[in-house]
Amino acid sequence: MRMTKRPAPSVKSDGKIWIALSGLSLLVILAMVAVLAVLIAGNSVWALWPHRLELVTTKDGGKFLGLANQRGTAPDGGGRTQYKVGNRELHGGGDFRWVEDAEVAAREYPPDAALVERMENGIFLGFLAGAADTGRGVFPGSFPSGDALVRRVAEYGERWKQEAEPLRDRLTGLANAWQDEYYAVLKAEYQAQGSGNPDTRRRLEKRAEEGRSREDKLKAESEKVMTAFSQVKDRFAAEKADFVTADGKEVALPLGGVVSAIWPNRMDIPAKLRQFAGNFWNLLTQNPREANSEGGLYPALFGTILLVFVMAVSAFPLGVAAGVYLREYARDGILSRAVRVAVNNLAGVTSIVYGIFGLGIFVYVCGGLLDE
């Protein structure tokens with residue numbers, strides 16, 4: 001009997017090569033996600049870590065304090081360093097400054113260099129000199145040391161929460177109530193102008209008049225609360241901390257605008273770890289400042305978590321019920337087939353595509369028609 005040699009199975013024919021390529025693609029994607037996570041974590045640690053303050057002396061005699069941000073190449077091929085120098089109100093420029101290595105005469109790390117985080121104008125870099133008090137301040141006294149200033153700022157923050165923040169919240173509530181009344185009056189006036197029924201027109205005009213009366217009361221109450229809030233702000237702004245910049249300029253910082261003050265050049269590793277943990281906590285719990293360039297992410301995080309929770313609670317039971325109905329009870333008809341096609345499309349298309357589609361339809365098209 002003659003034996004025939006069977007051809008070897010082809011890798012292409014049995015599909016193993018596609019399985020291998022799929023696995024390789026998955027590994028590449030996972031590696032890219034891991035690299036991205038490491039990059040994000042590294043940049044986050046770099047941004048929140050308390051770096052040393054450098055006192056840079058240039059060859060022309062100038063001095064400034066800065067946080068070294070990144071290295072680069074100068075136009076002549078030499079090295080240069082980008083520093084975050086802060087103190088916007090003094091030089092009228094941005095937060096950063098490039099300095100070429102050839103221009104630097106000396107770099108020092110003075111232990112008494114302070115980094116002050118403020119509500120406005122970004123950070124301030126300088127040296128604590130003392131305190132100025134007009135006599136009307138809530139915390140009269142002086143600052144013999146940086147620790148005393150830190151304690152005073154903490155006390156100031158607690159008193160501010162007790163005395164000023166309730167007034168500010170009240171102002172916000174009054175402003176929202178006034179806005180609601182304002183739009184209600186506009187709506188009533190608009191409906192009254194277009195109404196052909198005299199009784200309906202008189203009723204809407206009366207409603208608008210009552211709304212204007214409530215507007216006046218809210219405005220008067222807002223003015224009273226604003227006056228009280230301004231008095232509290234003036235009383236809290238009476239005490240100031242005196243600082244001196246690296247080039248000798250004297251600056252008085254009101255405690256009302258100070259968020260925190262640290263001396264990073266004095267910190268050891270445990271202190272820097274504590275400061276890093278505090279910065280991370282503030283990032284999660286504080287509101288943004290300075291057009292979202294400073295402060296925390298609390299509103300965005302809270303809104304995102306709340307939206308995900310509400311959508312999950314509302315969508316999960318509806319999705320499960322719809323799946324059970326389609327699988328067990330629904331007859332094969334036009335409606336059920338259309339729903340299955342829609343479900344398959346939702347599962348196969350990236351959600352951002354539907355988001356952009358909804359933005360275009362509901363915001364730009366429907367919203368534009370409503371604005372007209």
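Predicted model: local features only at pLDDT ≥ 70, side-chain atom pairs only at ≥ 80, totals over all residues.

User: In what order do the five strands of the open sheet lie?
Analyst: Strands here are DSSP runs of E with at least two residues, helices are runs of H or I with at least four, and both are numbered from the N terminus; two strands pair if DSSP finds at least two bridges between them. The edge strands, each pairing on one side only, are β4 (96-100) and β5 (104-108). With antiparallel pairing, the order across the open sheet is β4-β3-β2-β1-β5.

User: How many bridges join β2 and β3?
Analyst: Leu67 stands opposite Lys84 in β3. Strand β2 covers residues 63-73 and strand β3 covers residues 79-84, and their antiparallel pairing runs over six bridges.

User: Is Asn87 buried or exposed?
Analyst: Most residues other than glycine have a negative phi. Asn87, in the loop between β3 and α3 (88-91), has a positive phi of about 50° although it is not a glycine. Buried means under 20% relative accessible area, exposed over 50% and partly exposed in between, with a 1.4 Å probe and protein chains only. Because its relative accessible area is 8%, Asn87 counts as buried.

User: Which class of accessibility does Asn121 have?
Analyst: Asn121 also lies in a loop, the one between β6 (113-118) and β7 (123-133), and its phi is positive, near 65°. Because its relative accessible area is 32%, Asn121 is classed as partly exposed.

User: Which residue has a side chain in polar contact with that of Tyr109?
Analyst: Tyr109 sits in the loop between β5 and β6. Leaving aside residues up to four places away in sequence, Tyr109 touches Arg52, Leu53, Glu54 and Asn265, where contact means heavy atoms within 4.5 Å. A polar contact is a pair of N or O atoms within 3.5 Å; within protein, one must be able to donate a hydrogen and the other to accept it, and residues adjacent in sequence count only if both atoms are side-chain atoms. The side chain joined to that of Tyr109 by a polar contact of 3.5 Å belongs to Glu54.

Conventions: Residues numbered from 1 in each chain as written. Heavy atoms only, no water.
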